[in-house]
Amino acid sequence: METNDVIYGINGPVVTVRNTRSFSMMEMVYVGKSRLVGEIIGINDQFTTVQVYEETTGLKPGDPVYGTGAPMNVLLGPGIIDNIFDGIERPLKAIEEQSGSFISRGASVSPLDLNRYWNVRIKVKPGDKLEGGMIYATCPETAIIEHRFMVPPSLSGTVTKVQPSGKYKLKDTIVTIEDSRGREHGLTLCQEWPIRQARPCAERLPANIPLITGQRVMDTMFPIAKGGTAAIPGGFGTGKTMNQHQLAKWCDADIIVYVGCGERGNEMSQVLDEFSELIDPKSGRPMTDRTVLIANTSNMPVAAREASIYTGLTLAEYYRDMGYHVAIMADSTSRWAEALREISGRLEEMPAEEGFPAYLPSRLSEFYERAGRVDTLSGSEGSVTIIGAVSPQGSDFSEPVTQNTKRFTRCFWALDKSLAYARHYPAINWMDSYSEYFTDLDPWFRENLGEDFIKYRNKITALLHEESSLMEIVKLIGSDVLPDEQKLVIETAKAIRVGFLQQNAFHPDDTFVPLEKQKLMMKAILHLYNKAKHIIAAAIPISSITSLGLFEKLAKMKYDIPNDKLELFDDLIAEIDKSLATLSVDQA
């Protein structure tokens with residue numbers, strides 16, 4: 001393949017080509033004799049600028065640049081799930097077999113196995129009219145995920161030829177359709193899609209169904225909707241990655257896409273080890289049977305880090321269009337923003353706050369706006385929920401990535417360094433966090449858990465805020481001067497913090513807690529608070545109440561009452577009533 005387009009200048013991952021008009025904006029190209037993958041990010045009358053997704057060491061002026069005529073895209077088909085890709089959808093398992101533990105420059109491996117046979121079941125017949133997004137065949141991708149083959153969104157027509165159900169490879173034509181102009185198109189087991197272009201849907205639906213995570217502080221205090229967006233900001237050691245692991249393991253999404261964007265290699269190794277050993281509680285199968293991993297570690301080329309987010313999103317939207325609920329974990333968007341900053345600096349663009357490019361907000365909005373719950377083109381319902389970790393330097397939430405992320409997400413789970421150091425996990429600060437989904441989700445909670453759930457949540461939130469105000473006084477003059485009623489607020493809030501908000505990921509009953517148990521836990525805490533409030537009003541000192549050990553029992557109820565024996569909460573409440581009754585009798 002001959003080319004007149006040659007390299008003029010090299011600046012890290014940014015390569016310039018002089019005097020060429022043969023390329024188009026955002027076109028995928030191959031750079032140098034090793035054919036490194038790149039993308040056109042700038043064109044003027046003198047230079048074309050290429051962003052290279054691989055290490056550019058060894059490139060020199062005069063090396064060729066080959067155009068493809070197509071944008072940067074990914075191959076979509078069966079084999080994505082239970083696979084590990086880098087930021088530009090190169091399969092790491094296949095590359096390891098080819099070049100060992102490290103990715104060789106210019107490694108060219110098909111993202112999906114083109115020689116593997118899939119057991120395909122055809123769903124259409126000659127004469128059927130197909131529109132974009134309609135399903136024409138299915139196959140079992142894993143033991144728990146059915147892959148549904150969809151007509152590309154831009155294509156429609158009448159079925160003219162159909163192959164019998166059976167075993168086929170990815171590139172085999174199984175259905176032929178004729179469009180309105182009389183042209184025939186073969187439908188295979190795969191399709192390609194540009195990573196920076198959102199896949200279309202029939203209609204966006206309201207965010208009125210919660211994503212159940214089993215984590216009390218998230219489900220009850222700061223819920224997120226299916227198709228919603230959330231940010232988990234926190235400094236080093238506050239548990240961002242572990243929180244995302246918990247969400248990936250336990251949330252009620254059908255498929256998990258985990259993007260390790262610029263994270264340390266040992267963290268990605270931990271994810272691989274954990275997910276391969278973990279059993280999915282819903283199916284009893286390995287967790288990897290419904291998980292896609294994109295591993296773009298901190299020692300990989302920085303430009304590929306920028307692309308990895310869009311690669312993960314495109315894979316998530318593909319499965320959404322099949323009718324699945326997908327959750328994408330981006331860990332972390334700060335590393336992605338740092339890649340933008342580095343490339344922007346190489347391009348000599350005017351920097352904005354803290355050196356980040358002026359288009360950082362628009363790039364973040366493009367990312368989070370691709371979330372949503374939708375009616376798909378195939379007539380089913382699917383969703384993409386985006387949960388992005390943010391790593392502000394020094395836990396400074398006023399830095400640009402965190403502040404701009406808050407503009408585009410409706411749920412903010414702020415991790416607190418002091419809580420993490422006190423071994424309080426999840427280390428989500430209940431004063432700094434918020435959720436804007438209450439108005440949308442409360443009708444669902446009301447219908448499925450009753451009005452009491454919302455009432456309990458509001459009361460517990462009020463007690464935590466009241467405790468925060470009281471602690472300012474305690475810091476100044478001590479707790480002895482407080483009246484017993486305010487001391488009761490502090491004791492109750494402590495029970496809420498330790499018994500309800502704190503959760504043990506390694507305890508079999510506490511790692512995932514159903515919503516009904518969360519409601520009963522709040523009920524037990526508030527029952528003791530209301531009863532004790534009446535007793536204090538009868539001039540019985542709070543020291544008498546605390547000596548009964550009831551607050552300690554509330555702190556341990558998450559362990560003492562199994563998730564499948566919720567009737568034991570009736571016994572707990574009866575025990576509270578009986579113990580408090582002895583105080584009234586003694587006083588009489």
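## Helix α6

Just after α6, Glu348 takes a positive phi of about 60°; helices here are DSSP runs of H or I with at least four residues, as strands are runs of E with at least two, numbered from the N terminus. This is a predicted model, in which local features need pLDDT of at least 70 and side-chain atom pairs count only at pLDDT 80 or more, while totals for chains, interfaces and linings use all residues. Residues are numbered from 1 along each chain as its sequence is written, and side-chain values use heavy atoms, with hydrogens and water left out.

The 14 residues of α6 (residues 333-346) should span 20 Å at 1.5 Å a residue, which agrees with the 20 Å between its end C-alpha atoms; the expected span is 1.5 Å times one less than the number of residues. Among the buried residues of α6 are Trp336, Leu340 and Ile343, where buried means under 20% relative accessible area, exposed over 50% and partly exposed in between (1.4 Å probe, protein chains only).

## Helix α11

Just after α11, Gly478 takes a positive phi of about 85°.
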